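Have a look at it first, and then read on.

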Amino acid sequence: MKRILCIFCVLCGLSMPVAAQCGIENTAFKSGESLSYDLYFNWKFIWMKVGTASMDTKMSKFEGKDAWKSYLITRGNDKLDKYFMMRDTLLSYCDQDLAPLYFRKGAREGSSYYVDEIWYSYPNGNCQLKKHRITSHAEHLWKTSTYKNCIYDMMSIFLRARNFNASKMKKGDVIRMPISDARSLSNSWLEFRGRENFKVSDTKEKFRCLVFSFYEWENNQSHELIRFYVTDDQNHIPVRLDMFLSFGSAKAYLKSYKGVRSPMTSKIK
């Protein structure tokens with residue numbers, strides 16, 4: 001189920017600090033935004049509600065400086081616990097230009113619990129990641145990696161992707177999205193699939209959506225991990241996610257939203 005978290009989830013002036021080179025102008029959300037989702041799993045051809053997810057974003061402080069604080073919480077219900085326990089909490093801090101500063105994931109998945117942490121710095125124009133992993137056996141593993149290109153995590157890439165300008169995108173366009181956890185860097189990318197209308201069954205709201213697929217290269221072949229639908233307006237809120245897991249299929253549907261930055265002009269009346 002950790003693939004769910006991949007999606008929830010891609011330029012600034014010379015006067016900005018080096019970290020701003022990995023940032024992007026935020027036009028999609030404001031402090032106080034809150035999104036909630038219902039999670040469903042396909043079990044023997046039947047779709048069952050198996051949990052919830054919520055994501056909140058606000059302006060806060062990190063090491064004494066203004067920063068975006070965003071966290072994502074997923075919780076499986078009793079139905080899912082019978083087969084696979086899921087209790088995940090992700091936390092991210094990004095600077096005001098959405099360059100990542102810190103990431104933490106605490107995950108209880110099945111019978112194991114582990115913690116991933118990443119601290120970002122930008123020495124000499126590079127992107128340096130200090131990684132810390134606490135394994136399910138309580139081992140503390142540390143590693144530092146330096147890259148010439150910008151690297152993101154599950155949360156910071158989500159905030160970045162919401163600020164893409166899709167007005168000139170064509171079906172089939174690809175955006176490279178390098179994502180790291182405390183273990184390794186993934187070769188991953190986003191492909192634009194075009195535009196569709198989608199109706200949220202519970203709320204009965206209908207939206208014009210941009211459709212994307214998230215891919216990862218593994219074992220010498222590409223794998224579609226998530227297909228997601230985001231509102232075709234300034235907010236770019238995900239309203240539906242189709243997840244292709246190693247043990248089945250899952251979906252997430254937007255349940256409620258509040259504190260959005262711009263009018264929901266994608267809503268079809």
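R240 and D242 join their side chains in a salt bridge, with N and O 2.8 Å apart; the term stands for a side-chain nitrogen of Lys or Arg within 4 Å of a carboxyl oxygen of Asp or Glu. Both R240 and D242 are buried, where buried means under 20% relative accessible area, exposed over 50% and partly exposed in between, using a 1.4 Å probe and protein chains only. Through shared partners, salt bridges link R240, D242 and K251 into one network.

This is a predicted model, in which local features need pLDDT of at least 70 and side-chain atom pairs count only at pLDDT 80 or more, while totals for chains, interfaces and linings use all residues. Residues are numbered from 1 along each chain as its sequence is written, and side-chain values use heavy atoms, with hydrogens and water left out.

The whole structure has 10 salt bridges. The table lists some of them.

| Salt bridge | N to O distance |
|---|---|
| K61 and D66 | 2.7 Å |
| R183 and D181 | 4.0 Å |
| R240 and D242 | 2.8 Å |

D66 is partly exposed at 35% relative accessibility.

Now to the rings. The model holds 11 aromatic pairs, meaning rings of Phe, Tyr and Trp (its six-membered ring) whose centres lie within 6.5 Å, with planes under 30 degrees apart counted as stacked, over 60 as edge-to-face and the rest as tilted. Y102 and W119 make a tilted pair, 5.4 Å centre to centre with 55 degrees between the planes. Because Y102 sits in strand β5 and W119 in strand β6 (residues 112-121), this pair ties together parts that are 17 residues apart in sequence. Strands here are DSSP runs (E, at least two residues) and helices likewise (H or I, at least four), numbered from the N terminus. Y102 is buried, with a relative accessible area of 9%, and W119 is partly exposed, at 27%.

F192 and F212 are also tilted, since their ring centres are 5.2 Å apart and their planes at 50 degrees. F192 belongs to strand β12 (residues 188-199) and F212 to strand β13 (residues 206-218), so the pair ties together parts 20 residues apart in sequence. Both of these residues, F192 and F212, are buried. One aromatic cluster is formed by F62, Y93, Y102, W119 and W142.

Which residues have the most contacts inside the largest nonpolar core? They are L190 and F212, in a core of 66 residues. Such a core is a set of buried Ala, Val, Leu, Ile, Met, Phe, Trp, Tyr and Cys residues joined through side-chain atoms within 4.5 Å. A second, separate core of five residues includes F62, A67, Y93 and L101.

Helix α3 (residues 154-161) is mostly covered, as eight of its eight residues are buried. At its start, a side-chain oxygen of D153 comes to within 2.9 Å of the backbone nitrogen of M155.

Two loop residues deserve a look. L98, between β4 (86-94) and β5 (100-109), has a positive phi near 70 degrees and is buried at 0%. A138, between β7 (127-134) and β8 (140-147), has a positive phi near 65 degrees but is exposed at 54%.

Finally, confidence: pLDDT, the predictor's confidence in each residue from 0 to 100, averages 87 over the chain, and 88% of the residues score at least 70.

Terms used
A polar contact is a pair of N or O atoms within 3.5 Å; within protein, one must be able to donate a hydrogen and the other to accept it, and residues adjacent in sequence count only if both atoms are side-chain atoms.
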